[in-house]
Amino acid sequence: MNSKPNADELVPEDTREALEAAAFRRLVSHLRNRTDVQNIDMMNLSGFCRNCLSNWYRDAAEEQEIALSKEQSREIIYGMPYEEWRSRYQTEATPEQKASFDASKPDH
């Protein structure tokens, strides 16, 4: 009986890492362009947001012994200083958004 190879067997590890990096860059670019999408909406729907990505980025940097501050990793993800992004694009969360956030208990 022929079994199909799993994804790890289809793509060599170094190529897989390059593909994952390209997909990550595309995700970050997409989020930079979708300033209408609020972080609270992302958290409520998916359990992560831009801040989570910046934290994961900083964690990965630390694993490589690269020191990045919280502000630096956020600027990498947001494409500008976080406070600038907030002042330009962040809106006040509605009571419904806040209730959904509280109910989902995101691991944030």
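Contact here means heavy atoms within 4.5 Å. By this definition, in the predicted model, arginine 58 touches Leu68, Ser69, Lys70 and Ser73, when residues up to four places away in sequence are not counted. Arginine 58 has its place in helix H4. Between the C-alpha atoms of arginine 58 and alanine 21 there are 15 Å in space, and the two residues are 37 apart in sequence.

The overall fold is described next. The secondary structure of the protein consists of 7 helices and 0 strands, and from the N terminus the order of elements reads α-α-α-α-α-α-α. The radius of gyration of the protein is 17 Å, whereas a compact globule of 108 residues would have a value near 13 Å. Along the principal axes, the C-alpha atoms fill a box of roughly 55 × 35 × 25 Å. Among contacts between residues at least 6 apart in sequence, 50% join residues that are at least 24 apart.

The surface and the charges were also computed. Of the 108 residues, 24% count as buried. The protein exposes about 8000 Å², and 50% of this area is supplied by carbon and sulfur atoms. There are 14 positive and 20 negative side chains, with 6 Å between the centres of the two sets.

The largest nonpolar core has 8 residues, namely Val28, Leu31, Met42, Met43, Cys49, Cys52, Leu53 and Ile77. At least two residues of this core come from each of helix H2 (13–33), helix H3 (39–46) and helix H4 (50–63). Methionine 42, a member of the core, is in contact with Leu31, Val37, Gly47, Phe48, Cys49 and Arg50, leaving aside its neighbours within four places in sequence.

In helix H3, the buried residues are Asn39, Ile40, Met42, Met43 and Asn44. These buried residues pack against H2, H4, helix H5 (70–78) and helix H7 (95–104). Just after H3 comes glycine 47, which takes a positive phi of about 85 degrees.

Two loop residues can be set side by side. Threonine 35 lies in the loop between H2 and H3. The relative accessible area of threonine 35 is 18%, so this residue is buried, the cut-off being under 20%. Not counting residues up to four places away in sequence, threonine 35 touches Arg50, Trp85 and Tyr89. Glutamate 65 is found in the loop between H4 and H5. Its relative accessible area is 78%, and glutamate 65 is therefore exposed, as the cut-off for this class is over 50%. Most residues other than glycine have a negative phi. Glutamate 65, however, has a positive phi, near 60 degrees.

Threonine 15 lies in helix H2. This threonine counts as partly exposed because its relative accessibility is 35%, a value that falls between the cut-offs of 20% and 50%. Threonine 15 and glutamate 63 are 48 residues apart in sequence, and their C-alpha atoms are 21 Å apart in space.

Methods. Residues numbered from 1 in each chain as written. Predicted model: local features only at pLDDT ≥ 70, side-chain atom pairs only at ≥ 80, totals over all residues. Heavy atoms only, no water. Core = buried A, V, L, I, M, F, W, Y, C linked by side-chain atoms within 4.5 Å. Buried < 20%, exposed > 50% of the residue type's maximum accessible area, 1.4 Å probe, protein only. Helix = DSSP H or I, 4+ residues; strand = E, 2+ residues; numbered from the N terminus. Rg over C-alpha atoms; globule rule 2.2 N^0.38 Å. Areas by Shrake-Rupley, 256 points an atom, 1.4 Å probe, with all protein chains shown as cover. Lys, Arg positive; Asp, Glu negative; His and termini not counted. Charge placed at Lys NZ, Arg CZ, Asp CG, Glu CD.
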